[in-house]
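Have the structure open while you read.

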Amino acid sequence: MASRIYAPSPSTFAEDPDRYRENGLHPLTIGDILKFGRYRIVHKLGSGSFATVWLGRDTSENKYVSLKILSADTPLDCKELRILQEITESELNHKGREFVVQLLDHFTIEGPNGRHLCVVTPVAGDRLARKPGLPYNSLEWPRIIGLQIAEALGYLHVLGIAHGDCYTSNILSQVLPFDDWTEEELYACLGQPVKHQVRRLDGMPREDNAPEYTVDPCDITALEARLSTDRILLIDFGAAFYHHESPEQIFTPAPFASPEILFGGELTFAVDNWAFGCLLYELCADRSLIKLLFGWNNDAMKDQVAMLGKPPDALWQNWEGKDKYFHPDGTPKEAHDRRLKVYPLSLKQRVRNLEKPLSERGYGTGDEAPLPPDLQNLFDLLNGVITYDARSRMSFEGVQAHPFFRGVNIPGC
């Protein structure tokens, strides 16, 4: 591993300055100009493993945009760009299209660390989260948001594209246009950019492959609070793939990862259907469907078995650690030499628990009264997508037509 050149940032929100090196990130600061003067950087939206994301002003179109600058080791003709182009150029008339991010522009930047792809898309709000103040058993808002997610994923599947990484951070809130705001008005809402000086560990002058400073992401929640729409935007196609492909691996976060991702099986577009079920439950319950305590993938596999029972042998035999927690038939063992025992908690009981405050939710006895109609509909829907058999998971056409979403009106539609 290469030794550090730059001191770590004092901020946990800004990217590590040491990622500004050959084949790494492209150095940018507030006020920089891109594409021959067309785009001016005005604030920071965020950063990820392979990119920084900036709020920019498109001086040609007089509007604010999001600019994602990928690291130089990302191919300029990467699949993410090709898929975004296909989504944007498609003439398919499908209601899910308006909930999927569209490509506005793309171009290449020549910089001290290499050549970088820049992807330009509309500005969106914060990541998906349950609205504060909603009663714990309210299903109205989850139904509105859940239907939009189903329509967005359904649109992609009709195009022959799987998202592959559908979880809360990749679903943002759409916001009303704010293109007439001056930069002063923008900063009054989002806050002034918070900058952190970049310095070398050896005391030598900073080289031009790193920016003068890194920047904390702006307070995008403030923008969303003023311009909220209750509409979603599905973003980030870095893990997307075509239906005829079978990726070798997918790095979906464990709470949303399907059994075939975690245990090791054939990866198909049905990973989106499982992830949708996890998302919908989390919207309704304000907690994840799959519980994690210590280790990510291991905990997720334990809880999937606790919820659905023993998986098919093709999956079960791939989990080397199963004998520590379960008998060969999939029933939990006693917690010898371990801090916690695995307790069975069925999908139906997890839905039943939505009737109760978080502190009163339990494991059930198996003799409970029938579920109320709205929760029965939710259980029926989840039961159609939260299943080991990827081929039998309910399609998004079926999801959208399900009684759980009957009568839902999406704002602006």
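How many disulfides does a search of the whole structure find? The search finds 0 disulfides, a disulfide being a pair of cysteine sulfur atoms within 2.5 Å.

Before the points, some housekeeping. This is a predicted model, where local features need pLDDT of at least 70, side-chain atom pairs count only at pLDDT 80 or more, and totals for chains, interfaces and linings use all residues. Residues are numbered from 1 along each chain as its sequence is written, and side-chain values use heavy atoms, with hydrogens and water left out.

1. Cysteines. Cys166 is buried, at a relative accessible area of 1% (buried is under 20%, exposed over 50%, partly exposed in between, using a 1.4 Å probe and protein chains only). For Cys218, the closest cysteine sulfur is that of Cys189, and 8.6 Å is too far for a bond. Cys218 also counts as buried, at 9% relative accessibility.

2. Helix 2 against helix 6. Helices here are DSSP runs of H or I with at least four residues, strands are runs of E with at least two, and both are numbered from the N terminus. The axes of helix 2 (residues 140-158) and helix 6 come within 9 Å and cross at roughly 165°; axes are lines fitted to C-alpha atoms, for helices over the stretch in contact, and angles run from 0 to 180 degrees between N-to-C directions. The two helices are therefore roughly antiparallel (over 145 degrees; under 35 is roughly parallel, 65 to 115 roughly perpendicular, and the rest oblique). Helix 2 passes helix 6 in a right-handed crossing, meaning that the near helix is turned clockwise from the far one by less than a right angle, with anticlockwise giving left-handed.

3. Who touches whom there. On the helix 2 side the contact includes Trp141, Ile145, Ile149 and Leu153, and on the helix 6 side it includes Phe276, Leu279, Leu280 and Leu283; contact means heavy atoms within 4.5 Å. By class, the contact of helix 2 with helix 6 has 11 nonpolar, 3 polar and 1 charged residues. For the classes, Ala, Val, Leu, Ile, Met, Phe, Trp, Tyr, Cys and Pro are nonpolar, Asp, Glu, Lys and Arg are charged, and the others, Gly among them, are polar.

4. Helix 6 against helix 10. Helix 6 packs with helix 10 (residues 373-385) at about 150°, their axes 8 Å apart. That makes helix 6 roughly antiparallel to helix 10, and the crossing is left-handed. From helix 6, Asn273, Trp274, Gly277, Leu280, Tyr281 and Cys284 meet Leu378, Leu381, Leu382 and Val385 of helix 10. This contact divides into 8 nonpolar, 2 polar and no charged residues.

5. Two aspartates to look at. Asp236 is not a glycine, yet it has a positive phi of about 60°. Asp236 lies in the loop between strand 11 (228-234) and strand 12 (241-242), and is partly exposed at 29% relative accessibility. Asp286 likewise has a positive phi of about 60° without being a glycine. Its loop runs between helix 6 (271-285) and helix 7 (296-308), and Asp286 is exposed, at 55%.

6. A lysine in a loop. Is Lys322 buried or exposed? Lys322 is buried, with a relative accessible area of 14%, in the loop between helix 8 (313-316) and helix 9 (347-352). Leaving aside neighbours within four places in sequence, Lys322 is in contact with Trp316 and Gln317.
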